[in-house]
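Student: Could we look at this model together and talk through a few of its side chains?

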Amino acid sequence: MKLLKEPTKWECINNLVGGGISGNLDGTNIVYLDGVTPPTEEEIETAWAKMKEDYKAQEYARSRADAYDPIPEQLDQIYHDMDGWKAKVKAVKDKYPKP
């Protein structure tokens, strides 16, 4: 899963139970709606740690996305200068390598 922003505890809990909750994004004041079984604190912490790990693992992808030219500019460059476009993309990939 590609995460664009650091996951919140609320998002973690929401993923664990499949929705049906309300509360603060920091994971406080969570209210489980009808039929939703609350996860244990251990389940929450384990899943949240995994989500944070996944987020960190995608840092290169977020850096690359910020470094690339906007799509319309890339398409124009592909049309006019395919080799130049390839060189730009390679430079970004070299600067932010996949782990």
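Student: What is the relative accessible area of Asp54?

Tutor: Asp54 has a relative accessible area of 23%, so Asp54 counts as partly exposed (buried means under 20%, exposed over 50%, and partly exposed in between, with a 1.4 Å probe and protein chains only). This is a predicted model in which local features need pLDDT of at least 70 and side-chain atom pairs count only at pLDDT 80 or more, while totals for chains, interfaces and linings use all residues. Residues are numbered from 1 along each chain as its sequence is written, and side-chain values use heavy atoms, with hydrogens and water left out.

Student: OK, and which side chain does Asp54 meet in a salt bridge?

Tutor: The partner of Asp54 is Lys50, with 2.7 Å from N to O (a salt bridge is a side-chain nitrogen of Lys or Arg within 4 Å of a carboxyl oxygen of Asp or Glu). Both residues belong to helix H2, where they sit four residues apart, about one turn of the helix (helices are DSSP runs of H or I with at least four residues, and strands are runs of E with at least two, numbered from the N terminus). Lys50 is also partly exposed, at 45%.

Student: Why would two side chains like that pair up at all?

Tutor: Side chains of opposite charge can pair when their charged atoms come close.

Student: How many salt bridges are there in the whole structure?

Tutor: A search of the whole structure finds six. One of them joins Lys9 and Glu41, at 3.1 Å from N to O, and this pair links distant parts of the chain, since Lys9 lies in helix H1 and Glu41 in helix H2, 32 residues apart. Lys9 is buried, at 15% relative accessible area, whereas Glu41 is partly exposed, at 46%.

Student: New topic: at what angle do the axes of H1 and H2 cross?

Tutor: The axes of H1 (residues 9–17) and H2 (residues 41–57) cross at roughly 110° and come within 9 Å, the axes being lines fitted to C-alpha atoms over the stretch in contact, with angles from 0 to 180 degrees between N-to-C directions. The two helices are therefore roughly perpendicular to each other, a label used for 65 to 115 degrees.

Student: Which residues of H1 and H2 make the contact?

Tutor: Taking contact as heavy atoms within 4.5 Å, H1 contributes residues including Lys9, Ile13 and Leu16, and those of H2 include Glu41, Trp48 and Met51.

Definitions and conventions:
Parallel < 35°, antiparallel > 145°, perpendicular 65-115°, else oblique.
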